[in-house]
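I opened my notebook to look at how the ligands sit in this one. Here is what I looked up, entry by entry.

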Amino acid sequence: MAESKEYKIPRHVAIIMDGNGRWAKKRFLPRKAGHVQGSRVAEQICEDAYDLGIEYLTYYAFSTENWARPQDEVDALMNLLRKYMKDSIERSSRNNMRVRVIGDISALAPDLQESIRKLEEVSASNTGLKFQVAINYGGRDEILRAVRKAAEKVKEGELKPEDINEEIFYGFFDTAGIPYPDLMIRTSGEMRTSNFLPWQLAYSEFYFTDVLWPDFNKKELKKALDYYNGRERRFGGV
Ligand code: IPE
Ligand code: IPE
Ligand code: MG
């Protein structure tokens, strides 16, 4: 579709970066090499997304289920995230992006938690891309943690059960204050959401591509935006 006046840029794009392992396997490389390349692509797509006018970008980097992988792969992923967070401290001041980590970070190594806190703090007032990274994130876990927080407020007498509505409940989510994604992209051909943002994606458009994440690029991102532009979002209306 040609870019025209009415071309709509989704405000919030959420991406399930999948296929690193298969990308490596095709090249007879260890899975870790796929993750290294995947993390380079993640950096580049951040810039491309902002260039294209996307305001919010959310990446699924490590799920609550990914602990089930072999220990050496989990270690490799954690080390990559460690490096990514550290590099992002400097990068965020260069490109003005605001970074937030979603997920239960209490299960991560203390030094990684510290880097995350520092990164969130130094980038908090940046006005460029609003960038979320999901680490030890599971949608069901996020909902359960939100329920517990709400129940705690009820117990303290600060919240009445009958006052809990969608807006108030969403205030307890890791993504509180962040608009729901307009578009969800998943690479590598899997057509499932794997516990990614179940509440937030309830009305999002879904784009699936066979391209493996380490091969994803700006051209592929534009294809997803073209697809998005071909959709008619009805939100239950006619
Ligand atoms: C996505 O790639 C990265 C993470 C889940 C961390 P995979 O590692 O799932 O790659 P495949 O699906 O095995 O190809
Ligand atoms: C989803 O990918 C999680 C991330 C991309 C971080 P997986 O590769 O872990 O998902 P499944 O196991 O194929 O559902
Ligand atoms: Mg996978």
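This is a predicted model: local features need pLDDT of at least 70, side-chain atom pairs count only at pLDDT 80 or more; totals for chains, interfaces and linings use all residues.

**Ligand 1, contacts.** From the side chains I noted Arg22, which places a polar atom 2.7 Å from a ligand 1 oxygen. I then checked cover: on its own ligand 1 has 380 Å² of accessible area, and the protein covers 86% of that.

**Ligand 1, shell.** I counted 13 residues around ligand 1, and the closest are Asp18, Gly21, Arg22, Arg31 and Arg69. By class I found three nonpolar, five polar and five charged residues. Helix α1 gives the most to this shell, three residues. I also looked up the site, and ligand 1 sits in the largest pocket.

**Ligand 2, contacts.** Next I turned to the other ligand. The side chain of Asn66 has an N or O atom 2.9 Å from an oxygen atom of ligand 2. For Asp18, I read 3.2 Å between a polar side-chain atom and a ligand 2 oxygen. Arg186 does likewise from its side chain, at 3.3 Å.

**Ligand 2, shell.** Which strand gives the largest share of the shell around ligand 2? I found that β2, residues 56-63, supplies three residues. The shell holds five nonpolar, two polar and four charged residues, with Tyr60, Phe62 and Arg192 among them. Ligand 2 takes up space in the largest pocket.

Key. Residues are numbered from 1 along each chain as its sequence is written. Chains are lettered from A and ligands numbered from 1 in the order in which they are written. Side-chain values use heavy atoms; hydrogens and water are left out. A residue is near a molecule or strand if one of its heavy atoms lies within 4 Å of it. A polar contact is a pair of N or O atoms within 3.5 Å; within protein, one must be able to donate a hydrogen and the other to accept it, and residues adjacent in sequence count only if both atoms are side-chain atoms. On a 1 Å grid over the protein atoms alone, a cavity is a set of points where a 1.4 Å probe fits but cannot get out, and a pocket is an open set with protein on both sides within 12 Å along at least five of seven lines; lining residues have an atom within 4 Å of a point. A molecule sits in a cavity or pocket if more than half of its atoms lie within 2 Å of its grid points. Helices (H or I, at least four residues) and strands (E, at least two) are DSSP runs, numbered from the N terminus. Ala, Val, Leu, Ile, Met, Phe, Trp, Tyr, Cys and Pro count as nonpolar, Asp, Glu, Lys and Arg as charged, and the others, Gly among them, as polar. Accessible areas come from the Shrake-Rupley method with a 1.4 Å probe; for residues, only the protein chains shown count as cover.
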